[in-house]
Every structure is written in structure tokens, then in C-alpha cells.
Amino acid sequence: MKLPLTLAPVLLLLASCSGYQLGATKPASLERVKTVSVPMFSNATLHPRAEAIATSAVANAFVQDGTYRLAGRDRADAVLEGKLTKINYKAIRGTRLDTLLPEELANTVTLEWQLLDARDPTKVLASGKSFGTSQLFVSSNLQTARNNALPEALERAGEALVSRLANGY
């Protein structure tokens with residue numbers, strides 16, 4: 001009689017975890033993809049060297065997520081081609097005396113991307129747009145403030161991109 005009483009809590013504990021899955025939950029279309037190559041993104045904005053920051057942010061997001069490994073183009077299962085298409089600024093807060101003069105801005109970046117099969121570059125495995133935002137205070141040097149806020153927005157866009165490839169959403 002003691003054996004069933006001691007086994008009951010263990011069985012209940014195991015049964016409560018039956019819906020969970022350990023490990024990656026890749027979309028079915030990307031099941032065979034283990035390694036990804038991330039060549040330099042292109043830049044359709046007027047911001048200099050933004051493509052290097054975007055590529056670095058996406059590569060770092062892949063490393064942090066861990067679902068896919070990074071590899072060179074010759075050893076990768078898929079190639080991620082991307083383009084930084086927009087950097088938009090929107091006023092969040094204006095000064096108290098002049099509402100047209102912004103005090104705080106939000107910047108939104110847009111990355112367009114395609115995940116291509118490395119063996120057959122005409123086959124698109126996944127594609128989409130990813131967005132990232134950050135906020136900045138307007139100071140006497142607006143260009144420096146914008147340059148300092150851009151990497152954070154690109155990191156968020158990179159995390160959204162990798163989340164879509166690793167989890168399907």
C-alpha cells in the first residue's frame with residue numbers, strides 16, 4: 001500500500017509536464033537546416049555603415065538563440081540575405097513650451113530578409129520583414145544621439161528575425 005502512495009506524486013509530476021518539449025521547436029520547413037550563413041546585409045538607407053551594424057546584430061542574435069549555428073557560405077545549409085530598408089524617427093515627447101520641438105524620439109528600423117537554400121539559391125525557405133525600435137533623447141548633437149540608438153533598434157530587429165526562424169513566430 002505504501003508503494004502506490006509514494007509513486008502517485010511522482011506520476012502526477014511527470015504527467016503535468018507531458019505537453020512540454022525540450023529543445024528547439026523549428027518550423028517544419030526548416031527542419032533540415034542546422035547551419036546558416038549571414039553575409040553582409042545591404043543598406044537602402046542613407047545611414048553610413050548601418051549594414052555592418054545590422055549584420056552584426058543578426059549574427060549575435062543567432063548565437064544567443066542557439067537554434068542554428070553560423071557557418072561560412074560553403075558549409076551552410078541556408079543563406080540569410082537581408083536588407084536594411086528603413087530607419088524612421090517619430091517624436092514621442094515635445095518640450096513643454098514648444099510642442100513642435102521634440103525632446104524624445106523613437107526610431108524604428110525595418111529589415112527585409114530571405115532565407116535561401118544553400119544548395120539551390122533559387123529556393124526560398126523563409127522570408128519576411130523584421131522591425132526593431134529604440135528611443136533616444138534629443139541633445140545638442142542629434143546625429144550622435146541617432147548613431148547611439150541605432151544598434152539597439154537593430155538588435156531588436158535581429159532578435160525578431162531569429163525568433164521567427166527558430167520558433168515560427
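A: A nonpolar core is taken here as a set of buried Ala, Val, Leu, Ile, Met, Phe, Trp, Tyr and Cys residues joined through side-chain atoms within 4.5 Å, where buried means under 20% relative accessible area, exposed over 50% and partly exposed in between, with a 1.4 Å probe and protein chains only. The model is a predicted one, in which local features need pLDDT of at least 70 and side-chain atom pairs count only at pLDDT 80 or more, while totals for chains, interfaces and linings use all residues. Residues are numbered from 1 along each chain as its sequence is written, and side-chain values use heavy atoms, with hydrogens and water left out.

The protein chain has three helices and six strands, where helices (H or I, at least four residues) and strands (E, at least two) are DSSP runs numbered from the N terminus; along the sequence they follow the pattern α-β-β-α-β-β-β-β-α. Of its 169 residues, 34% count as buried. With contact meaning heavy atoms within 4.5 Å, residues 24 or more positions apart account for 67% of the contacts with a separation of 6 or more.

The largest nonpolar core has 30 residues, and those with the most contacts inside it are Phe62, Leu80, Leu115 and Leu165. Helix H2 (50–65), strand S4 (78–94), strand S5 (102–117), strand S6 (124–137) and helix H3 (142–167) are the elements that give two or more residues to this core, and the largest share, eight residues, comes from H3. Leaving aside neighbours within four places in sequence, Leu80 is in contact with a set of residues that includes Phe62, Leu115 and Leu165, and also Val36, Val38, Val58, Trp113 and Leu161.

Two polar residues complete the picture. Ser134, found in strand S6, is buried, with a relative accessible area of 3%. Its side chain and that of Asn107 are joined by a polar contact of 2.5 Å, a polar contact being a pair of N or O atoms within 3.5 Å, of which, within protein, one must be able to donate a hydrogen and the other to accept it, with residues adjacent in sequence counting only if both atoms are side-chain atoms. The side chain of Ser134 also reaches the backbone oxygen of Ala149 at 2.9 Å. Asp117, which lies in strand S5, likewise counts as buried, at 7% relative accessibility; leaving aside neighbours within four places in sequence, Asp117 is in contact with Arg32, Asp77, Lys123 and Leu125.
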